[in-house]
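Some labels for parts of a structure rest on a cut-off or a count. The questions below ask how such labels are reached.

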Amino acid sequence: MEIIKRGIVHRKTEGPCRYQAWPSLCVDENGVLYAVWSGNRSSHVCPFGKTLMSVSRDGGEKWCPPIIVNDTWLDDRDAGITYLGDGKMLISYFHHPKDIYRTDWRSWVLDGADGGDPMFREMLDGYLRAYVHFSPEMDSAGSFIKRSDDYGLSWSEPIKVPISAPHGPVKTKSGRLIFIGKDFPGVMHRYNAKLAAGEDPIPPEDRGQIFLYESFDDGESWEKLSRLPLPEGTAEGNIHEPHIVELPNGELVAALRGQNSPAVYRNFSMFFLNSTDGGRSWSTPRSCEISGSPPHLLLTSDGSVIVTYGRREEPFGIRAVVSRDGCRTFSEEMILSSTWIGDLGYPATVELGDGSFVSVYYQRYENDARTSILYTKWKL
């Protein structure tokens, strides 16, 4: 493996909202790269996040200043992006319910604020106290997508979807969109007043599970195709943030983030499972002896799959492995970046026309106190 270049997609060095995180990446037919992420945040958990997008026209080595794609009253988190062809693309993101910032996560939000600016922390405290009263639209917790028909210059109104995952839907060879994610209403069950009042349309056994949905109209509507089995020895609270890829033979490979269970390798790793019938049924999830998560899967031009992920135990950094058998076995681990602290990850990778790869991820740049969106350009 050869590292061609490492660099910055976006970094802020001033002000209290310098935290950038959870990127995703796509490439169009002209080789233009589009990176999206949740940015201009005060910390890992805060109500200020926006969906930002930067574009690169030179193979990922230079990026334009970020464009605000999405800026609601709520925290716009975990942006994903999918290129559909002919200038069409979609982004995905989700909102936590507003009340969670005033209750369970209030101290986390305040403690994560910039300690060097006590006035900002005081302002943030007052903001959280009034947060619930700001706007009726703030009740719109959930997972969403937006669509663009003009290479990201304009975007549709949001379309609500029932699942959430960091990197969004995937387009198959037939043009079908498949979206693997975690049931969002089930995860947020306790914070939804309608659900708490007994108007819950979700069976208890489906709450917080991993599902596969499909769309035949570029994401305008979605139908549930299957519920994926959980790995043996895990529960819904141990499995999160999946991704999926279609192999040249039509087989689907899904990868799941596993954590906080003795069944998970080093307590933070990945499981893989396969479908040979278009996603209607799945194999038994397989554990792998890889320290890192969540996964991003890329089908390369030679038919292999590159898995990129963040390693959140020493030595910290961004890693990649290659599989040539549908994620049943993997190559030796490759190091895309290294750092000194575990707040990092969520890499996404694309292949360029010359056979090189670009991976974007979030990580602290040098000795910064807040994270940035960085990239590594590399070759196998």
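Q: Where is Asp75 placed, and why does Asp75 count as buried?
A: In this predicted model, Asp75 sits in the loop between β5 (67-70) and β6 (77-85). Buried means under 20% relative accessible area. Asp75 has 0% relative accessibility, so Asp75 counts as buried.

Q: Which side chains make a polar contact with the side chain of Asp75, and what makes these pairs polar contacts?
A: A polar contact needs a pair of N or O atoms within 3.5 Å, one able to donate a hydrogen and the other to accept it. The side chain of Asp75 has such a contact with the side chain of Arg41 at 2.5 Å. Another joins the side chain of Asp75 to that of Tyr101 at 3.2 Å. Setting aside residues up to four places away in sequence, Asp75 touches Ser38, Arg41, Cys46, Pro47, Gly49, Phe94, His95, Tyr101 and Tyr131.

Q: Where does Cys327 lie, and why is Cys327 called buried?
A: Cys327 lies in the loop between β21 and β22. Its relative accessible area is 1%, so Cys327 is buried. The phi of Cys327 is near 65°, a positive value in a residue other than glycine.

Q: Why does Phe216 count as exposed?
A: Exposed means over 50% relative accessible area. Phe216 has 65% relative accessibility, so Phe216 counts as exposed. Phe216 is found in the loop between β13 (210-215) and β14 (223-227).

Q: How does the reach of helix α3 (residues 118-130) compare with the span expected at 1.5 Å a residue?
A: Helix α3 has 13 residues, and from its first C-alpha to its last it reaches 19 Å, close to the expected 18 Å.

Q: Why are the buried residues of α3 said to line one face of the helix?
A: The buried residues in α3 are Phe120, Leu124, Asp125, Tyr127 and Leu128. Seen down the axis of α3, these buried residues fall within an arc of 165°, so they line one face. The face turned away from the buried side carries the exposed residues Pro118, Met119, Glu122 and Arg129. The cover over the buried residues of α3 includes α1 (99-102) and α2 (106-112).

Q: What makes strand β8 (residues 142-148) largely enclosed, and which strands do bridges join to β8?
A: Six of the seven residues of β8 are buried, so β8 is largely enclosed by the rest of the structure. Strand β7 (residues 88-95) runs antiparallel to β8 and is joined to it by seven bridges. Within that pairing, Ile91 has Lys146 as its bridge partner in β8. Strand β9 (residues 159-161) is also antiparallel to β8, with three bridges, and there Ile145 stands opposite Ile159.

Q: How do you know that strands β15 and β16 pair?
A: Two strands pair if there are at least two bridges between them. Six bridges join β15 to strand β16 (residues 252-259), and the two run antiparallel. In β16, Ala254 is the bridge partner of Ile244. Five residues lie between the strands of this hairpin, in which Gly250 takes a positive phi near 90°.

Q: Why do β1 and β23 stand at the edges of their sheet?
A: The sheet is open and has four strands in the order β1-β25-β24-β23, with antiparallel pairing. β1 (2-10) and β23 (345-351) each have a single partner strand, so one side of each is left without a neighbour in the sheet. The twist averages 25° from one strand to the next. β1 pairs with strand β25 (residues 371-379) over seven bridges, and Ile373 in β25 is the bridge partner of His10.

Q: Which peptide bonds are cis?
A: Among them are the bond from Ser293 to Pro294, with omega near -15°, and the bond from Glu314 to Pro315, with omega near -5°. Most peptide bonds are trans. Pro294 is in strand β19 (residues 293-299), whereas Pro315 is in the loop between β20 (305-311) and β21 (317-323).

Notes. Residues numbered from 1 in each chain as written. Predicted model: local features only at pLDDT ≥ 70, side-chain atom pairs only at ≥ 80, totals over all residues. Heavy atoms only, no water. Axes fitted to C-alpha atoms, helices over the stretch in contact; angles between N-to-C directions. Buried < 20%, exposed > 50% of the residue type's maximum accessible area, 1.4 Å probe, protein only. Contact = heavy atoms within 4.5 Å. Expected span 1.5 Å × (residues − 1). Arc of directions from axis to C-beta.
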